[in-house]
Amino acid sequence: VVFMVTFVNYAMSHFSRKCYTNVKTDLVKSGVDKIILSQMDTAFMFTYAMGSFISGRLGDMFPQNVVIGVGLIGSTLCLGMITIFQETDVIHSNYGFGFFLFVFAQFLHGFAQSTGGPVNTSVMGAWFPKKGRGLIFGLWTCHQYIGDIVAALATAWIIKQGFAWQWALLVPGIANGIWGVINFFFLPNRPAEVGIETEEDKKAGLVSGASGGQQQETIGFMQALMIPNVLGYALAFGFFKFVNYAMFFWLPFFLSNHFDPQSANVISSLYSVGMMPGGVIVGFVSDLYDGRRACVIATFMCMLAPLLWVFAMFSADMNPILLLVLLGVMGILVGGPNNIITSAVAADLADHPSIGGNTRVLGTVTGIINGSGSITAAFGLMVIGPLQNMGGWTAVWYFLIACVAVGTGLMGPKIWKELTQHEGTGSKAPAKPAAGYAGVATKEGA
């Protein structure tokens with residue numbers, strides 16, 4: 001039940017997010033020009049990044065199902081606002097005021113959407129133990145792609161049936177609101193709430209019962225940041241996420257050099273299709289190697305770098321069939337590490353002995369990693385355009401190779417520890433709680 005509800009939670013977030021992007025052409029026809037749409041996207045990215053830090057912390061301080069539900073209902077309100085603003089034609093009656101209203105709607109939407117990753121991961125981490133977690137989280141991270149696919153199919157069906165395009169915003173909005181309410185009543189935040197006592201609860205000294213057990217104290221943002229390897233993964237993920245965002249936003253444009261624009265949009269989906277099994281493969285393989293996720297991620301990055309070099313050298317004259325195959329492979333190599341870092345890796349970091357078995361830190365850790373990645377990616381995307389002007393797509397591919405190398409290098413200390421000091425997922429030493437979590441800053445990561 002927990003897997004299913006949280007899976008749909010994140011799929012719903014992408015359902016509403018992708019449906020908005022699918023009707024941009026219709027918004028332009030209604031008078032919402034490209035400048036407004038660009039500023040709406042910028043506002044969304046900014047508040048989504050900032051909101052990831054805040055939402056993760058809120059998920060550790062308050063009931064996660066409530067935070068998730070409020071976020072989903074927030075998406076309902078924001079999509080409703082966009083629809084109302086378009087229907088009232090405010091952009092033509094007062095352009096400046098309309099500009100503000102549309103941007104403000106996406107500004108709020110970014111905050112609402114930011115609850116999806118950190119808080120749902122926090123719930124999953126409380127329910128699924130570290131051993132075998134990689135495969136489970138790898139399967140779970142397919143949620144975003146399912147949401148994107150449903151959004152594309154729903155939008156196409158709505159338009160094909162002759163309904164007004166505004167329903168492509170209203171349907172995901174209503175669905176998000178209904179599912180948000182379901183979270184309030186049917187999502188248990190942790191096993192103790194339903195009378196189940198886990199090994200982690202025993203180590204943390206919790207008392208299970210019908211009331212959900214003794215409430216754990218949350219730790220501060222800076223203390224979570226000082227957990228060994230959190231900062232390293234947060235910085236590394238920024239570079240990996242930028243590579244992913246560069247493909248997400250610019251791949252159709254790149255493919256338009258080889259195909260017509262409509263075909264380029266369809267073909268670019270092969271990259272997304274490849275990302276779905278990527279997380280499953282990384283999770284499964286890292287479980288086989290006893291939780292050595294950093295080593296598996298580094299291996300994928302080492303395979304990605306030469307593939308990007310191939311694109312830099314030969315993409316201009318590459319055989320179309322080979323190009324399609326390599327795009328799918330690229331999706332696997334990029335998607336695997338990106339998906340697993342914000343799920344299984346974040347959950348592993350939140351299990352570190354220095355926090356005394358506290359399960360109310362995972363949301364904060366995930367928020368730090370996801371938020372840092374979004375900020376780095378947002379700044380990185382500003383470089384793509386100038387790089388194309390200076391050196392064409394060859395310069396872009398080489399820049400992505402540099403980002404892969406830097407991100408992998410930032411994981412170096414963790415990779416070395418996994419190779420030389422790894423204890424495994426099944427032989428974790430009992431946690432020793434420290435008053436005020438003073439041990440966070442002094443204990444060395446496993």
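At what angle do the axes of helix H16 and helix H19 cross, and within what distance do they come? Before the answer, some ground rules. This is a predicted model, where local features need pLDDT of at least 70, side-chain atom pairs count only at pLDDT 80 or more, and totals for chains, interfaces and linings use all residues. Residues are numbered from 1 along each chain as its sequence is written, and side-chain values use heavy atoms, with hydrogens and water left out.

Helices here are DSSP runs (H or I, at least four residues), numbered from the N terminus. The axes of H16 (residues 293–314) and H19 (residues 412–420) come within 8 Å and cross at roughly 120°.

Next, H18, residues 362–410. Helix H18 has 49 residues, yet its end C-alpha atoms are only 21 Å apart, whereas a straight helix would reach 72 Å at 1.5 Å a residue. The expected span is 1.5 Å times one less than the number of residues. H18 has a kink of about 125° centred on Gly-391, the bend being the angle between axes fitted to the seven residues ending there and the seven starting there.

Now H9, residues 143–160. Its 18 residues reach 26 Å from first C-alpha to last, close to the expected 26 Å. After H9 comes Gly-162, with a positive phi near 90°.

Last, cysteines. Cys-19 is buried because its relative accessibility is 1%, while Cys-302, at 52%, is exposed. Buried means under 20% relative accessible area and exposed over 50%, with partly exposed in between (1.4 Å probe, protein chains only).

Notes
Helix = DSSP H or I, 4+ residues; strand = E, 2+ residues; numbered from the N terminus. Axes fitted to C-alpha atoms, helices over the stretch in contact; angles between N-to-C directions.
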